[in-house]
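Trainee: I have a model to go through with you. Can we start with helix packing, then turn to the chain contact?

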Amino acid sequence: MLNKTGIPTAEDVKKVSPSEDRLKKGPVAIIECFQEIPCNPCTEACKQGAIQPMEDINNLPKLDFDKCNGCGVCLSRCPGLAIFIVDASYSDTEAVVRIPYEYLPVPQVSDKVVGLGRAGEELGVFEVIKVQSGGQKNKTYTLWLVVPNDLAMDLRSIRLGGVRHAN
Amino acid sequence: MPKVKETEILIVGGGPAGLSAASAAANLGASVLVLERDGKPGGQLIKQTHKFFGSKKQYAGDRGYQIGDLLIEQCRNNPNLEVWTDTTVLGIYEDGVVTAEGQGKHLKITPKKIIVATGASEKMIAFPNNDLPGIYGAGAVQTLMNVHGIVPGKRVLMIGAGNIGLIVSYQLMQAGVEIAAIIEAAPTIGGYLVHASKIRRAGVPILTSHTITEAYGDEGVEGAIICKLDESWQPVLGSEQDLKVDVVCLAVGLSPLTELCFQADCQMKYVPELSGHVPVRSEYLETTRPGLYVAGDVSGVEEASSAMVEGRLAGISAACSLGYGEDIAPKLQAEALAELSELRAGPAGQKTLRGIINLMDKGGVVC
């Protein structure tokens, strides 16, 4: 149960996941926001009209996967760090997962880092292919990680305390 | 300085509620004096490095300290407004005189209206050795780290999975400190689940239905024993775990800082949903002592977003009662009330709403 452990369940994740077809078409946001709290910056961040305005600020965000182009603006704006971008069109076998990151040191492009799932479990060692700064004010980094296709919906964090290189 | 300082509106406390009240009142034309006990205004905002929730109107998406800077700037640019730091209010007297200690002097102020925005203080819990060096309140950990740049230790046990426990754990991790676990006596996580999830996926266990049974160590904390609680909150025998930690951080809730309200003879009521004794007040935040308003955590512990809106509402109401902005005040008040209802409309705000209904209900007044 999410509210006992902090770990979203498979059913929780399923509710906010696009179809396999949509995933294959290219980058798309996965909004892992499962609790009604007064918060709406994602709706203002989205310039694609994909995250619909909320009637009540406590509503859960509603994302139209077909309008979402995976630009990632919502990812860097979400105060809950709950939005990820998955691009399953990266190659036949690999996907790119973009995650928000607010720890030090910030990994560099081509670093190999230990990827973690929603429970903090190790999923393997993956390459960072891009690092985007959120800028002076926002400060949240976006890390782009290349992962095998089957981990695209699982990898959500990396091990802290710096970069652990593959042996 | 004259023997007695005159001002139209005196605001006690320069946190999110106090500063918002100050600029709202000064913008309508009232002369405002803010007294802040600390050396710098901003209250708890200056230690908040995470992005705030809410909507644009409450600066959502900005980090707490950035919001603090913004509020301080708004006050600094207002010619009707003065902020005195390192000044502690001591008493509010029957004849309307307010006394304070500051600048090495005993100060007297005669305001026409008063807004008490003193915030809240941290609760403590009882367990053996809770006086060992290395046992901290979460606020102290934040002050050490985010004001003075000092980490409290190497490995921390966090007690409490409300928003403060979750956020301070995250800040500790950002500072390179390991969190052994976050434990919470209640069966569910009290804080926002997005905060919990981001900590959990970084590898930190969040153990609900768990409590601390003791801390141990010679010179300071060397470890802590935690155990599971059953459905009736009783320790489960044999469930003890020994965690090697050098810091135990307590984030077990806040109590409204209401001493001045008691002393000023405001009617008080114990409202558990608002976290303790709070002054009975009108919709516009005026207490039963005419001309004395409250805003922020002192009127019930909540989020900084609502504290800022309450501050604005109290500031407008106090200024309006002095004849300032009478034409636009009703509209501004209605806007603030609408924002508060919006913030409290969801499941997370239900407790506060119940508390306010309970508070407004006649009866149960303690003094």
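Mentor: One definition before we begin. A crossing is left-handed if the near helix is turned anticlockwise from the far one by less than a right angle. Keep in mind that this is a predicted model.

Trainee: Which hand does the crossing of α3(B) and α4(B) have?
Mentor: Helix α3 of chain B spans residues 138-147, and helix α4 of chain B spans residues 163-174. Their axes lie 10 Å apart. As α3(B) passes α4(B), the crossing is left-handed.

Trainee: Are α3(B) and α4(B) roughly parallel or roughly antiparallel?
Mentor: They pack at an angle of about 30°. Angles under 35 degrees count as roughly parallel. Therefore α3(B) and α4(B) are roughly parallel.

Trainee: How many charged residues does the contact of α3(B) with α4(B) have?
Mentor: From α3(B) come A138(B), V141(B), Q142(B), M145(B) and N146(B). α4(B) brings I164(B), G165(B), V168(B) and Q171(B). By class, 5 are nonpolar and 4 polar, and the number of charged residues is none.

Trainee: Which element gives the most to the side of chain B that touches chain A?
Mentor: The contact takes 35 residues from chain B and 36 residues from chain A. On chain B, α4, α5, β11 and α8 each supply at least two residues. With 8 residues, the element that gives the most is α5(B).

Trainee: Which residues of chain B does the UniProt annotation "domain: FAD/NAD(P)-binding" cover?
Mentor: The annotation comes from an unreviewed entry. Its span is 22% helix and 30% strand, with end C-alpha atoms 16 Å apart.

Terms used: Residues are numbered from 1 along each chain as its sequence is written. Chains are lettered from A and ligands numbered from 1 in the order in which they are written. This is a predicted model: local features need pLDDT of at least 70, side-chain atom pairs count only at pLDDT 80 or more; totals for chains, interfaces and linings use all residues. Axes are lines fitted to C-alpha atoms, for helices over the stretch in contact, and angles run from 0 to 180 degrees between N-to-C directions. Helices (H or I, at least four residues) and strands (E, at least two) are DSSP runs, numbered from the N terminus. Angles under 35 degrees count as roughly parallel, over 145 as roughly antiparallel, 65 to 115 as roughly perpendicular and the rest as oblique. Two residues are in contact if their C-beta atoms, placed from the backbone, lie within 7 Å. Ala, Val, Leu, Ile, Met, Phe, Trp, Tyr, Cys and Pro count as nonpolar, Asp, Glu, Lys and Arg as charged, and the others, Gly among them, as polar. UniProt positions are given in the numbering used here, feature names are shortened, and annotations may be inferred rather than shown by experiment.
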